[in-house]
Each structure stands twice: as C-alpha cells, then as structure tokens.
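Thanks for coming. I have one structure to go through, and I will take it piece by piece.

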Amino acid sequence: MKKAAVILLALFISLFAFAEKVTIQIEGSAVPYYIPIYMGIELGYFKEEGLEVEYFFGNASDIIRNVAVGNVEFGFPNGEPVIVARSQGIPVNVIHTTYQHGLGSTIFLKESGIQTPTDLKGKKVAITSYGSSNYVQLQVLLKKNGMTLNDIQLEIIGTEAIVPALVNKRVDAICFSMLRTFELRYQGIEVEEFRSDEFLPSFGNVLVTGDKLLKEKRDLAVRFTRALNKIMTYLSDTENMLKATYTTIEKYTPTYAGREEYMAAILSDIYAGYLWRSEDTEAFGFGYGNVQRWQNSIDIMKEYQIITTDVKASDFVVASL
C-alpha cells in the first residue's frame, strides 16, 4: 500500500514538474471578467492537463497576429475581430466559442415609455463611435423593425459619458454593453434593454489558435479547452463563483478590491448565467462553436461592409475539439 502511494505521489509530482509552458494573450486589461483563466491557473485545472499557463494582455489585432505567427499559443479576443482577420487571410482558428453571445445592448430608462424597438422612432439614440460594433447592431435592430438611421436622432457620445447621458435624460437610449444594464439596476436605476444578440448573432471572447498548432499540436489545444471547460463548470456554482471572485480580486485584479460581492453577482448572472450558455452548450458542452450561427454573423458583417470578402465559418470555426 505504501509503495503504491509513493508511486502515485511520484507521478503527481512529475506531472507538475514537466508541465508544458503555454501562453495566452487576452484582449483588454486585468479585470475580473477573465476569471476562468485566473482560476484555471489558481486551482490547478491547467496543471492537471500538464500545462503551465502564462497570460498577458493586448488589443485584438495584436493578439490575432501573435497567434497566427506562433508568438503565443492561444488568444482570447472578441469574435468580430477574428472574422475581420479571416477576411484578410490571417490564419487564425476559433477552437472554443467561450462566450456564446455578445455583450451589445440597447438600453433605455423604464420610464421612457419605450417598450418595443419601434418606439425608438424619433428618439435620441447614442453610440460611442461610427466604428463601434454597436453602430452596426443599431442599424440591424432598426432594419429588422422597418426603420433606418433616418428614423432616429443619432448622437455620438464618448465611452465615459454615454451612460451618464442616459441617466441624465440627455438621450433616450444608448447602444452599449449589457454590463451597464446590470450596473444601473444595481444602483437602483430602473432600465430595460434590447439585447443585440436576440437579432444579431455575435460573440464575446473566444479562444483562438493558429493553423500550425492546430495541425501539429492538436492535443495541446484539446487539453487547454478541456481544462477551460472544467473551470467553467466549477464556476457555474454560485458559491464557487463567490469564493473565486474574492481570490481573483485579491491576487489578479486588486484594483477591484471592495467590489467583490458586486462583481460576483455580475459574473454569476451575466457570464456564467448567460454569456457562457446557449442551447448548443446545453446539448454539447461549454465552448461549442455553432458554425451556422458564426456564418450568420459573417453574412451580416459583409452586408454592412465591415468586411468586403467572402468568409466561410466552416474554414476556421471548430465546433468542438
């Protein structure tokens, strides 16, 4: 019995001692929303798969270029820049559709009288820029309800000022992030929203890798996504998420100290409760890539001239490893 225990201990130690080093570059900055990566490292889920994971941050275009040429093994950008990259011939592949939905939302005060999208006619609606994804989302929302930009009063308001503009009733609605809906409700401000994902298939952060790794080291991708699925399952429990949020803020995102309960609520309600889940994940597990849904997003992006060349989702979206 003792001999067997010693052998098992030796195997366990060797697994950790010879873990393969991999790097993931994440779009954005050190915020708690990337809790699956932090906790995958913290709780040893990646090491169980023989991986020693390092991470750093960057913008989407840099991430995609680094992944494509093999500077990093994995990237975690939003879905739309991946589609743009593929339209430019950059060899990057989605191997885990981590966020099954996008974060876009058209938000308005409950007292505004807006109940359906058609009620936006004649209203002041704000976006942050003509180059934002929310600009496309607004156009699609209007088109699907028999309107165009000519039917509203469009305003451009910067990122820092757009939410106050809604609260102060400078505008009637804003096209922004559903996280702001949660934040405003948390503050006691009654708001409603039209989630863009209900009429425009889109994706938040997704796991990507290059052609070479996928062809030559596919098992590495399999192990990484398997660890990611395990930690997402663990975090789907509300109590686990709460504990993990405290750890994440203490060790990985200390600028959020004092907001642990609030962030845990966002992560449980919006991320684990919505962004990570869909009918596809219920049937096939976390990270499932619905190729047709990706293609629908691609087709809309081409229709609104965000991309100008044909792109086939089946060429770069892996349904499941």
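Which residue takes a positive phi just after α14? That is Q305, with a phi of about 60°. Bear in mind that this is a predicted model.

Staying with α14, the helix covers residues 291-303. At the start of the helix, a side-chain oxygen of N290 comes to within 3.1 Å of the backbone nitrogen of Q292. The buried residues of α14 are R293, W294, Q295, S297, I298, I300 and M301. Among the elements that cover them are α5, β4 and α6.

H101 sits between β4 and β5. Is H101 buried or exposed? Its relative accessibility is 11%, and the cut-off for buried is under 20%, so H101 counts as buried. Its side chain makes a polar contact of 2.6 Å with the side chain of D197.

Last, a helix pair. The axes of α2, residues 35-42, and α10, residues 218-235, come within 9 Å and cross at roughly 105°. That angle makes α2 roughly perpendicular to α10. On the α2 side the contact uses I35, P36, I37, M39 and G40, and on the α10 side L228, I231, M232 and L235. By class, that is eight nonpolar residues, one polar and no charged.

Terms used. Residues are numbered from 1 along each chain as its sequence is written. This is a predicted model: local features need pLDDT of at least 70, side-chain atom pairs count only at pLDDT 80 or more; totals for chains, interfaces and linings use all residues. Side-chain values use heavy atoms; hydrogens and water are left out. Helices (H or I, at least four residues) and strands (E, at least two) are DSSP runs, numbered from the N terminus. The expected span of a helix is 1.5 Å times one less than its number of residues. Buried means under 20% relative accessible area, exposed over 50%, partly exposed in between (1.4 Å probe, protein chains only). Contact means heavy atoms within 4.5 Å. A polar contact is a pair of N or O atoms within 3.5 Å; within protein, one must be able to donate a hydrogen and the other to accept it, and residues adjacent in sequence count only if both atoms are side-chain atoms. Axes are lines fitted to C-alpha atoms, for helices over the stretch in contact, and angles run from 0 to 180 degrees between N-to-C directions. Angles under 35 degrees count as roughly parallel, over 145 as roughly antiparallel, 65 to 115 as roughly perpendicular and the rest as oblique. Ala, Val, Leu, Ile, Met, Phe, Trp, Tyr, Cys and Pro count as nonpolar, Asp, Glu, Lys and Arg as charged, and the others, Gly among them, as polar.
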